[in-house]
Amino acid sequence: MGLFTQIVTFPLAPLRGVVWVAERVREEAESQYYDPAPVHRELAELESLLVAGDIDEETFDRREDELLDRLEEIRAYREGSRA
């Protein structure tokens, strides 16, 4: 039955290849989007800007809240994908 199925579905092989590639691209995009390392680097850079006096306290607080929210989103995604 396996050989018969392969012969009958052979015309769909290019489509299966495209779907496979699309899945790999999606997986890599999610991996990069949900990587916490760039967010941690940005938090460190933000603190450096504050200490150097390049940004004010209000700007720091607003951007820090955005980055912490992003880290929370990453944490929730990673916990959800393990379940």
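Two aromatic rings of Phe, Tyr or Trp (its six-membered ring) count as a pair if their centres lie within 6.5 Å; planes under 30 degrees apart are stacked, over 60 edge-to-face, and the rest tilted. Keep that rule in mind for the first stop. This is a predicted model, in which local features need pLDDT of at least 70, side-chain atom pairs count only at pLDDT 80 or more, and totals for chains, interfaces and linings use all residues. Residues are numbered from 1 along each chain as its sequence is written, and side-chain values use heavy atoms, with hydrogens and water left out.

**Stop 1: the rings**

How many aromatic pairs does a search of the whole structure find? The search finds two. Select Y33 and Y34. Their ring centres are 4.9 Å apart and their planes stand at 85°, so this pair is edge-to-face. Y34 and Y77 are stacked, with 3.6 Å from centre to centre and 5° between the planes. Y34 sits in the loop between helix 2 and helix 3, while Y77 is in helix 4, so look 43 residues along; this pair links distant parts of the chain. Helices here are DSSP runs (H or I, at least four residues), as strands are (E, at least two), numbered from the N terminus. Together Y33, Y34 and Y77 form one aromatic cluster.

Is Y34 buried or exposed? Y34 is buried, at 16% relative accessible area. Buried means under 20%, exposed over 50%, and partly exposed in between (1.4 Å probe, protein chains only). Y33 is partly exposed at 45%. Y77 is partly exposed too, at 31%.

**Stop 2: R70**

Stay in helix 4, which covers residues 57-82, and select R70. R70 is buried, with a relative accessible area of 16%. What does R70 touch? Leaving aside residues up to four places away in sequence, R70 touches Y33, Y34 and V39. A contact means heavy atoms within 4.5 Å.

**Stop 3**

Select D56, in the loop between helix 3 (37-52) and helix 4. D56 is partly exposed, at 43%. Its side chain makes a polar contact of 2.5 Å with the side chain of T59. Such a contact is a pair of N or O atoms within 3.5 Å; within protein, one must be able to donate a hydrogen and the other to accept it, and residues adjacent in sequence count only if both atoms are side-chain atoms.

**Stop 4: salt bridges**

Side chains of opposite charge can pair when their charged atoms come close. A salt bridge needs a side-chain nitrogen of Lys or Arg within 4 Å of a carboxyl oxygen of Asp or Glu. The whole structure has nine.

Go to helix 2 and select R26 and E23, which lie three residues apart, about one turn of the helix. Their closest N and O atoms are 2.7 Å apart. Next, select E27 and R24, whose salt bridge has its closest N and O atoms 3.0 Å apart. Then jump to helix 4 for E79 and R75, four residues apart. Their salt bridge is 2.7 Å, N to O. Finally, select E42, R62, R63 and E66, which are linked in a network of salt bridges.

**Stop 5: a nonpolar patch**

Select L12, L15 and V19. They form a nonpolar patch on the surface, with about 270 Å² of accessible area together. Patches take residues with over 30% relative accessible area and no salt bridge, joining like charges within 9 Å and nonpolar side chains (Val, Leu, Ile, Met, Phe, Trp, Tyr) within 5 Å. Areas come from the Shrake-Rupley method with a 1.4 Å probe; for residues, only the protein chains shown count as cover. V19 belongs to helix 2 (residues 13-33).
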